[in-house]
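Trainee: I have a chain open here and would like to go through it with you. Can we start once it is on screen?

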Amino acid sequence: NLITKHREQKTMHQRDLALESERIILGIDPGTQILGYGLIRIIGKRAEFIDMGVLNLRKERDHFKKLQLITENVTALIERFSPDELAVEAPFYGVNPQTMLKLGRAQGAAIASALLKDIPVCEYAPRSVKLAITGRGSASKEQVAMMVKSMLNIDILPEFLDATDALAIAMCHYLTGKNALAGRGNGTSWENFVKNNPDRIKPSK
């Protein structure tokens, strides 16, 4: 009957909404020596840790070979985890111009890998990432890592802080992008996260 059909359609609609609310974000911290990556899954209002790691490029001396390795490895990550969005950190000003040029190329290689798979890309300045995660734009890598550890309930910190930086970039995209926290009241994204997720914050020892 009509009522049953409407109920079934409503249930299917709710199921479709539930499917749409789940997405995977790949965060990339570009580098020509160490490139960090981190993946999180967003389910409704909750962020879950998937994976993180680094691509160690220090043994490779040829800059263009490094770009090839970045492209190959980021493409492999995309094919393995099928992320819906890529969040990447912008090269920071104030470094040596030659170094900044190389960082920009590394970032471009990662971005191209995503664009070739039709994955949307968002870029965040280092200060914006720190502000979104810790509430302080001048926070250290260690402070960012500890906050990410609390937010995602990660027990073991990685060997390189570039991996937790990449997770922070992915979390920054989640906290400041199109999600339930955006636009809810005043204050920083971190303050909103604490307010809405008190059970996910571990007190410092």
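Mentor: One term before we begin: helices are DSSP runs of H or I with at least four residues, numbered from the N terminus. Also keep in mind that this is a predicted model.

Trainee: What is the mean pLDDT of the chain?

Mentor: The mean pLDDT of the chain is 82, and 74% of its residues reach 70 or more.

Trainee: Where does pLDDT stay under 50?

Mentor: One stretch is residues 1-10, where the model has 0 contacts beyond four places in sequence. Another is residues 178-190, and there the model has 25 contacts beyond four places in sequence.

Trainee: How should I read the coordinates where pLDDT is low?

Mentor: Where pLDDT is low, the predicted coordinates should not be read in detail.

Trainee: OK, helix 5 next. What span should its 12 residues have?

Mentor: Helix 5 covers residues 141-152, and at 1.5 Å a residue it should span 16 Å.

Trainee: Which residues in helix 5 are buried?

Mentor: Val144, Ala145, Val148, Ser150, Met151 and Leu152 are buried in helix 5.

Trainee: And what follows helix 5?

Mentor: Asn153 follows helix 5, and its phi is positive, near 55°. Asn153 sits in the loop between helix 5 and helix 6 (161-176).

Trainee: Is Asn153 buried, exposed or partly exposed?

Mentor: Asn153 has 35% relative accessibility, so it counts as partly exposed.

Trainee: What is phi like at Ser82?

Mentor: Ser82 is not a glycine, yet its phi is positive, about 50°. Ser82 is found in the loop between helix 2 (63-81) and strand 4 (85-89). With 47% relative accessibility, Ser82 is partly exposed.

Trainee: Changing topic. How many salt bridges are there?

Mentor: The count comes to 6 salt bridges. Side chains of opposite charge can pair when their charged atoms come close.

Trainee: Which residue does Arg23 pair with?

Mentor: Arg23 forms a salt bridge with Glu85, and their closest N and O atoms are 2.9 Å apart.

Trainee: What about Lys117 and Glu79?

Mentor: Their side chains meet in a salt bridge at 3.3 Å, N to O. Lys117 is in the loop between helix 3 (97-115) and strand 5 (121-124), Glu79 is in helix 2, and the two are 38 residues apart. Lys117 is partly exposed at 41% relative accessibility, whereas Glu79 is exposed, with a relative accessible area of 53%.

Trainee: Back to helix 5. Which residue pairs with Lys141?

Mentor: Asp162 forms a salt bridge with Lys141, the closest N and O atoms being 4.0 Å apart. Asp162 lies in helix 6 and Lys141 in helix 5, so this pair ties together parts 21 residues apart in sequence. Asp162 is buried at 18% relative accessibility, while Lys141 is partly exposed, with a relative accessible area of 37%.

Trainee: Which residues make up the network of salt bridges?

Mentor: Lys141, Asp162 and Asp165 are linked in a network.

Note on methods
Residues numbered from 1 in each chain as written. Predicted model: local features only at pLDDT ≥ 70, side-chain atom pairs only at ≥ 80, totals over all residues. Heavy atoms only, no water. pLDDT = per-residue confidence, 0-100. Contact = heavy atoms within 4.5 Å. Expected span 1.5 Å × (residues − 1). Buried < 20%, exposed > 50% of the residue type's maximum accessible area, 1.4 Å probe, protein only.
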